[in-house]
Amino acid sequence: MSQIDIFDTTLRDGEQSAGINLNTAEKIEIARQLERLGVTIIESGFPASSPGDFDAVQRIAGTVKNSIVTGLARSIQSDIDRTWEALKGAEQPHIHIFLATSPIHMETKLFKTPEQVVELAVESVKYARKFFPLVQWSAEDASRSDPEFLAHIIRKVIEAGATTINLPDTVGYATPHEYGAMFKYMTDNVAGIEKVKLSAHCHNDLGMATANTLAAIENGATQIEGTINGIGERAGNVALEEIAVALHIRKQIFNIETGIKLNEIKRTSQLVSQLTGSLIQPNKAVVGKNAFAHESGIHQDGMLKNPLTYEIITPELIGDAATELVLGKHSGRHAFKDRAVKMGFDLTEEKLNKAFVEFKKLADSKKEIVEADLYVLLTDQQIHDNETPVYKLESVQVQYGTANIPTATASAYHPNGELINEAATGAGSVEAIFNTLERIVEGEVHILDYRVTSIGKGRDALGEAVINMSYNGETVTGRDVAQDVLEATAKAYLNAVNRQIVQVGKKVRIPAI
Ligand SMILES: CC(=O)SCCNC(=O)CCNC(=O)[C@H](O)C(C)(C)COP(=O)(O)OP(=O)(O)OC[C@H]1O[C@@H](n2cnc3c(N)ncnc32)[C@H](O)[C@@H]1OP(=O)(O)O
Ligand SMILES: CC(C)C(=O)C(=O)O
């Protein structure tokens, strides 16, 4: 198995993302985690660009011991001098010098002829080698450069002392075939290229950064540059976690070792997201919130029977929590039953089926069913006894306005099967409901306690009502949930009454909720 180097540029190209600005302390924290992750090189900034970047690069070089620390510089002596100032205390001083080689950049940005560009590249590499044992030279916009010219300038900078040659797809323009072909062309046509490291640096403008990087590896790249979570200029850089995991999962194809501690990936990703304030899209490969979440019934059934049916990466591999079978409208009975059993419910098939029907109804109106929702649903099934007739709420309606007296109307089936309609007023909507239901229910009710809370998070969280009452001299508690707290209140009221009726009917004690 051969080894490739991982060059992390989260703190340089990653920080070039619009809206990201890390201070020195944050950069040091990320650098320490990158070191733990096992990256070979940390590009910690562009020392000549600002005093803040200079400070961060210098301090990271003094802190990190197990990864090489580098800084970016233009092909300008003062940039190189500044980088040396920042990095001279590093264990293995390394500089990254770049110069554009594509016609469009040379002509319209640098205003230089190809010959002038070669001369400048050679001069700057020679100058840098006076100080730095390790000099990486990047041909900015390599993928839009003329291959013959690129091969020529690479020969010259290798002669001048470059120890790494980087061929960036600066604007994310190349296709995997083209990018791989460029590496092959350089390996075939530049004598001595095997003596230096050959690096890939891909941007994601067309969503091909990962594929391009893998194509470079297949065609001779020995170093990969990228960022954590794929942050970076415009659409970002290649996400290093994707490369590391792809090389691991498909090792039969690549036969490559990266030195990355895969189980540090999740932690690194979260730290970078937190400190940069750059959120990770939920469906992001490897580190997205949904990367290990299975929502549909057929997938969940497969996962329960054999996880390999739908899971090519385990969350444990990258240091993430366990796989999640998210219960929602696409879930099936197998996943539902599995969760009920894990939650400690031991229901008959019939009751599970009934709960499943209720679950599907609820899932139609709620994005995600959380355990608290399930708890209520399954508990209801556990206590519900079809043989004892009970009260059943048909409908409830409340009229409320600051200028009106709150009035509730309700219809409910009496245990004898009769549909009863009643209305009453109250000091508020809840009292109006209580007063209305008191007219429907036979017997004496005294409300002892009442509370409402929300179940789950977000706007579509369910409302839960819990009512503790004395009914016909016995203390009972009723609980229910609904999208609306007033509906939950009416149901909880009748549930409390029904629990007493069922207890009396069965002559058994039902445990308190
Ligand atoms: C592909 C990449 O990601 S390259 C890295 C990009 N990163 C950054 O630019 C972040 C940090 N940059 C900065 O803080 C500033 O741009 C600085 C401090 C580096 C330079 O600022 P300024 O001196 O005001 O120049 P400005 O950024 O406006 O223009 C860049 C100049 O560098 C020149 N230049 C660009 N690349 C190179 C290079 N590799 N070598 C030499 N000169 C270069 C440009 O031609 C332009 O020169 P000009 O002023 O003669 O026209
Ligand atoms: C400086 C170089 C390597 C770069 O960031 C790019 O070309 O994208």
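Start by selecting Asp449: across from it stands Asn468 in E17. Before moving on, note that this is a predicted model, where local features need pLDDT of at least 70, side-chain atom pairs count only at pLDDT 80 or more, and totals for chains, interfaces and linings use all residues. Residues are numbered from 1 along each chain as its sequence is written, with chains lettered from A and ligands numbered from 1 in the order in which they are written.

Now bring up residues 462–471, strand E17, which runs antiparallel to E16 and is joined to E16 by ten bridges. (Strands, E, are DSSP runs of at least two residues and helices, H or I, of at least four, numbered from the N terminus; two strands pair if DSSP finds at least two bridges between them.)

Next stop: helix H7. Select 176–189, and you get 14 residues reaching 20 Å from first C-alpha to last, close to the 20 Å expected at 1.5 Å a residue (the expected span is 1.5 Å times one less than the number of residues).

Colour Tyr179, Gly180, Met182, Phe183 and Met186, the buried residues of H7 (buried: 20 or more other C-beta atoms within 10 Å of a residue's own; exposed: 12 or fewer; partly exposed in between; C-beta atoms are placed from the backbone). Look down the axis of H7: these buried residues fall within an arc of 150°, so they line one face (the arc is that of the directions from helix axis to C-beta atoms).
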